Amino acid sequence: MKFTTSDHVALDYTDQGEGPTILLLSGIGGYKEVFEPIISPLLSHHFRVINVDARNQGASEHTIRGRRMSRHAIDIKELLDSLAIDKVIGIGNSMGAATLFAYISLFGDDRFLAIIDIDQSPKMISDETWQFGFKSLDWSSFPDYLKFPFGKAAVHKINDDVFADMKAAAKKYPYNPEINYPLLVDHAFQDWRDIILELNRPLLIVAGEQSPYFDPNFAATTAKIAKRASAKIVANAGHLVMAEQPVNFLKLALKFLKQNHLPPAR
């Protein structure tokens with residue numbers, strides 16, 4: 001499906017199922033196909049699942065417009081407004097989680113029933129106040145460090161069919177890191193700790209035990225900041241926890257939602 005934003009950028013998304021709505025957002029340079037391993041199980045649990053390619057990624061329009069986190073947040077608001085969705089469970093991997101925090105920074109958390117952050121530290125740049133940044137990024141290396149190749153995000157084998165779909169999407173819609181570099185810089189510059197501190201919704205932070213990007217201990221440290229948060233580390237998983245260990249991720253996610261009475265009892 002296609003949706004055109006207020007600044008005339010076409011976003012590609014899928015909308016499947018009926019029931020409480022789950023919004024899936026992938027990371028920078030990612031493709032919505034990365035969530036395929038968990039979509040069918042979520043549908044079988046009677047959720048409506050919306051899966052979005054961000055601008056400049058996947059089948060969405062590739063453009064120089066809106067290369068900042070605030071615009072990505074606005075994109076999500078406009079899409080949900082157009083679909084008349086008042087309440088949603090947000091699940092974001094990497095920058096997808098940061099997009100959820102950006103949304104809340106601009107529009108508040110009233111729309112969200114819960115947030116699940118998959119392997120995204122709230123602060124990408126390590127300094128004297130935060131030791132859980134992205135790889136070895138600190139103020140002395142920012143932003144030039146972000147121009148270097150980051151290596152593979154996954155450390156565990158992804159299902160062959162899913163991997164094939166991701167490769168096919170990458171071939172059809174090649175990602176251009178140079179065009180999207182301003183977004184990466186803006187993404188890395190942000191510090192979402194104040195948003196997490198004031199968050200009134202349940203938050204689950206899931207880290208990959210072998211994440212090549214973040215020390216998994218960021219999850220427990222981040223959870224201590226929030227009012228209603230829990231943290232889990234998934235074994236044999238890198239950055240793409242939901243694709244590398246979908247069964248284990250789903251167990252954690254569904255347990256978290258049930259503990260918070262989501263969806264509400266029928």
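**Cavity, pocket, core and salt bridges**

The residues lining the largest cavity split into six nonpolar, four polar and three charged. In this sorting, Ala, Val, Leu, Ile, Met, Phe, Trp, Tyr, Cys and Pro are nonpolar, Asp, Glu, Lys and Arg are charged, and the others, Gly among them, are polar. The model is a predicted one, with local features needing pLDDT of at least 70 and side-chain atom pairs counting only at pLDDT 80 or more, while totals for chains, interfaces and linings use all residues. Numbering runs from 1 along each chain as its sequence is written, and side-chain values rest on heavy atoms, with hydrogens and water left out.

Back to the cavity. A cavity is a set of points, on a 1 Å grid over the protein atoms alone, where a 1.4 Å probe fits but cannot get out; a pocket is an open set with protein on both sides within 12 Å along at least five of seven lines, and lining residues have an atom within 4 Å of a point. Points are joined across faces, edges and corners, and a volume is the space filled by probe spheres set on them. There turns out to be one cavity of 30 Å³ or more. The largest cavity has a volume of about 90 Å³, and of its 13 lining residues, L25, V52, A54, H72 and I76 are the closest to its centre. Strand 4, helix 2 and helix 3 each give at least two residues to this lining; helices (H or I, at least four residues) and strands (E, at least two) are DSSP runs numbered from the N terminus.

Helix 4 (160–172) and helix 5 (181–189) each supply at least two of the lining residues, and helix 4 gives the most, with five.

Next comes the nonpolar core, meaning a set of buried Ala, Val, Leu, Ile, Met, Phe, Trp, Tyr and Cys residues joined through side-chain atoms within 4.5 Å. Of the 83 residues in the largest core, L23, F35, I91, I116, L137 and F249 touch the most other members. Helix 3 (residues 95–107) provides the largest share of this core, seven residues. Leaving out residues up to four places away in sequence, L137 touches M124, I125, S126, F142, Y145, L146 and A188, where contact means heavy atoms within 4.5 Å.

Finally, the charged pairs. Counting a side-chain nitrogen of Lys or Arg within 4 Å of a carboxyl oxygen of Asp or Glu as a salt bridge, the tally is 17. In one of them, R71 meets D7 at 3.8 Å, N to O. The two sit 64 residues apart, R71 in helix 2 (residues 69–82) and D7 in the loop between strand 1 (2–4) and strand 2 (10–16). R71 is buried, at 10% relative accessible area, and D7 is buried too, at 17%; buried means under 20%, exposed over 50% and partly exposed in between (1.4 Å probe, protein chains only). Another bridge pairs R111 with D81 at 2.7 Å, N to O. R111 lies in the loop between helix 3 and strand 6 (112–118) and D81 in helix 2, so this pair ties together parts 30 residues apart in sequence. R111 is buried, at 12%, whereas D81 is partly exposed, at 38%.
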